[in-house]
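Please look at the chain below with care, and keep it in view while reading. The report moves from the whole chain to single residues and pairs.

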Amino acid sequence: MSSSSSTPTMSRRQVLEALSGLLLGMFVSMLAGTVVSTSLPVIVHDLNGDQNAFTWVVTATLLTTAIATPVWGKLADLFNRKLLIQLALVIFVGATAVAGFSQTSEMLIACRAVQGIGAGGLAALSQIIMADIISPRERGKYMGLFGAVMAVATVGGPLLGGFITDTFTWRWNFYVALPFAVAAIIILQLTLKAPPRTRDVVRIDYAGAVLLATSTALLLIWTTSAGTSFDWWSVQTVVMLGIAVLAAVAFVIVELRVPEPLVPLRMFRDRTFTLSVIASISIGIAMFGTSVFLSQYMQMARGATPTQAGLMTLPMIGGLLISSITVGALISKFGRWKGFLLTGSILLIAGSVMLSTLEYDTNFVLVSLYMLMLGSGVGMTMQNLVLIVQNTTRPEDIGAASAGVTFFRSLGGTVGVSVMGAVLAGTVTDLFLTKRNEVAAALATLGEKGQQLGEQLMSGTLPEVFSLPEPIRTIVEDIYAQGISSAFLIGVPLAVISLVAILFLPNVPLTRMTTQERLQAGEADLATVASQEGMDAIMATGPVTVVDDAGAGVGSAGVSDAGAGGAGVSDAGVADRRQHPDASRPAPQPTPRSAPQSASRVPRHPAPRSPEADND
């Protein structure tokens, strides 16, 4: 059991001070990722990488992020969270800086894999620490700050990355986040007052971490390599899938037996957690898959430069930011969330369907509308799924539960990017073979330059479409547009699954208590309800003895803290206590009361009161 000292409710100024370093850390992680998003096709081209290399540059980060997220989440339940987020920030930025020196696509992939370890910590710990200092109900009030950080990073990152790539060199994209990272570490040290977390005995589930990494990595290597490096039905497929399944089964067995499991399987008994995980997998595919391949669509199918590609994806980013800020404020105001999540999942389906119809010459107004729908759907659902899980999870499991949802979202995105990349690579290869006569005719008109371009295309290296001459450029754009639209089609059925999962989520109102307040209340056995309305309704503290003139007890009655005349507990208060997750025990039930002899001569001897009541 974690222990923490009692901490008073934080003022808005104190919350803002505590959030400043956390927001800057989130900005660093987002900027380091978005600043290279529009330049990835150029980077992979310069490093002589093919479509598989492009996919693995993205997948390597997502893979290690997915694996590391539950580990960081469990560590957050055991150790000091401020120290952990600083460590995650150092790992992330250090790997990002080394990636700028990459000489081969393999070196870049390795650096991106290490980068994902830090990214997993930042993704999990930022959500966990926010739950420590801001209640789910109040979090919407601060969504403007998070929206501003997201806006600068997601809008400014691609634009800055494109400008640096076009003006200087793509290597500088990996260094721009370093000054912000140093500032984030210093500010976190000065402003974030993380409560101490101590355990008598700390046990880390190393076996579970290894088995989880083995199962996930083999699954992703298979989805990326099958169909290109070896056949879908082959000995390699049987071996990889067989080991992955065995590792997954062993992981479940280990998690059921170890005292401190990496992913506490008891959480899956909670319908809110299980359905949120299912929805998060689908949303992860929509978020990561489309963001990766939309940038490639702009450059490979529409011939845009990296800077232009960053500008062209603004509708999706704008939809995500506006919807997340607006919906966060509305949820905070009304305390209800389900209608917003259902609307977001419907927009997610619509956007995924329409993006699967893209062609190289689709009217850009329509493309912008499709991106806006998809971005709005992601913005309404992504963070709010973590929010509702934190709302119902036991305080001591907040770290594992928050990281669990983030893990499955990252896992879904990783598998989605791998599968979409495999589909794209296979489709592009098949289309080049189908259109080889057209390609040959177009190259023949270019003379010696056409021969060089032909050798580059045959090698599988990603071309710089914006620099291709017109005869061959249109053909290449058409091929990549068909391949990317086929990849987008994969997300449609999964978006439907997310809608069904959200539809069956229990509609539990949001609590006004932070994680620390709930934890302290549980340790002291003082938790009553998590909403102010419930606290006002439930005032009874226990039975009291009513005596007659002779001093003999004749009955007992519930008495209100407000005075001697109150009795009983309101039905609304009892109902609220029974259904709310923050209640640590059933509400006290009123006992039958005998009629007093005289109100002026009835001394009352209250039962022992709680320390909280004594302070009133």
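Predicted model: local features only at pLDDT ≥ 70, side-chain atom pairs only at ≥ 80, totals over all residues.

Residues are numbered from 1 along each chain as its sequence is written, and side-chain values use heavy atoms, with hydrogens and water left out.

**The chain as a whole**

The secondary structure of the protein chain comes to 23 helices and 3 strands, where helices (H or I, at least four residues) and strands (E, at least two) are DSSP runs numbered from the N terminus. Of the 616 residues in the protein chain, 55% are buried; buried means under 20% relative accessible area, exposed means over 50%, and partly exposed lies in between, with a 1.4 Å probe and protein chains only. Among the contacts (heavy atoms within 4.5 Å) in the protein chain with a separation of 6 or more, 81% are accounted for by residues 24 or more positions apart.

**Helices α10 and α14**

How do the axes of helix α10 (residues 271–301) and α14 cross? They come within 9 Å and cross at roughly 150°, where axes are lines fitted to C-alpha atoms, for helices over the stretch in contact, and angles run from 0 to 180 degrees between N-to-C directions. That makes α10 roughly antiparallel to α14, since angles over 145 degrees count as roughly antiparallel, under 35 as roughly parallel, 65 to 115 as roughly perpendicular and the rest as oblique. The residues that make this contact include S276, I283 and Y297 of α10 and V367, L374 and I388 of α14.

I388, placed in helix α14, is buried, with a relative accessible area of 2%. Leaving out residues up to four places away in sequence, I388 touches T272, S276, W337, L341 and L505. Although I388 and S276 are 112 residues apart in sequence, their C-alpha atoms are 8.4 Å apart in space.

**Two loop residues**

T362 is found in the loop between α13 (338–355) and α14 (364–392), and at 13% relative accessibility T362 counts as buried. Neighbours within four places in sequence aside, T362 is in contact with Y297, R302, T357 and V367. F504 is found in another part of the chain, in the loop between α19 (491–503) and α20 (515–524), and is partly exposed, with a relative accessible area of 49%. F504 touches R271, L275 and K338, again not counting residues up to four places away in sequence. The C-alpha atoms of F504 and L275 are separated by 7.6 Å, while the two residues are 229 residues apart along the chain.

**Salt bridges**

How many salt bridges does a search of the whole structure find? The search finds 2, a salt bridge being a side-chain nitrogen of Lys or Arg within 4 Å of a carboxyl oxygen of Asp or Glu. In one of them the side chains of K435 and D478 meet at 2.4 Å, N to O. K435 lies in the loop between α15 (398–434) and α16 (436–444) and D478 in helix α18 (residues 470–488), so the pair ties together parts that are 43 residues apart in sequence. Both K435 and D478 are buried.

E477 forms a salt bridge with R473, the closest N and O atoms being 3.0 Å apart. E477 and R473 both lie in helix α18, 4 residues apart, which is about one turn of the helix, and E477 is buried, with a relative accessible area of 8%.

**Aromatic pairs**

The structure holds 7 aromatic pairs. Rings of Phe, Tyr and Trp (its six-membered ring) pair if their centres lie within 6.5 Å, and planes under 30 degrees apart count as stacked, over 60 as edge-to-face and the rest as tilted. Two of the pairs are set out here.

| Pair | Arrangement | Centre to centre | Angle between planes |
|---|---|---|---|
| F27 and F180 | edge-to-face | 5.2 Å | 80° |
| F163 and F168 | edge-to-face | 6.3 Å | 85° |

F27 is buried, with a relative accessible area of 11%, whereas F180, at 34% relative accessibility, counts as partly exposed. In the other pair, F163 is partly exposed, with a relative accessible area of 45%, and F168 counts as exposed at 57% relative accessibility.
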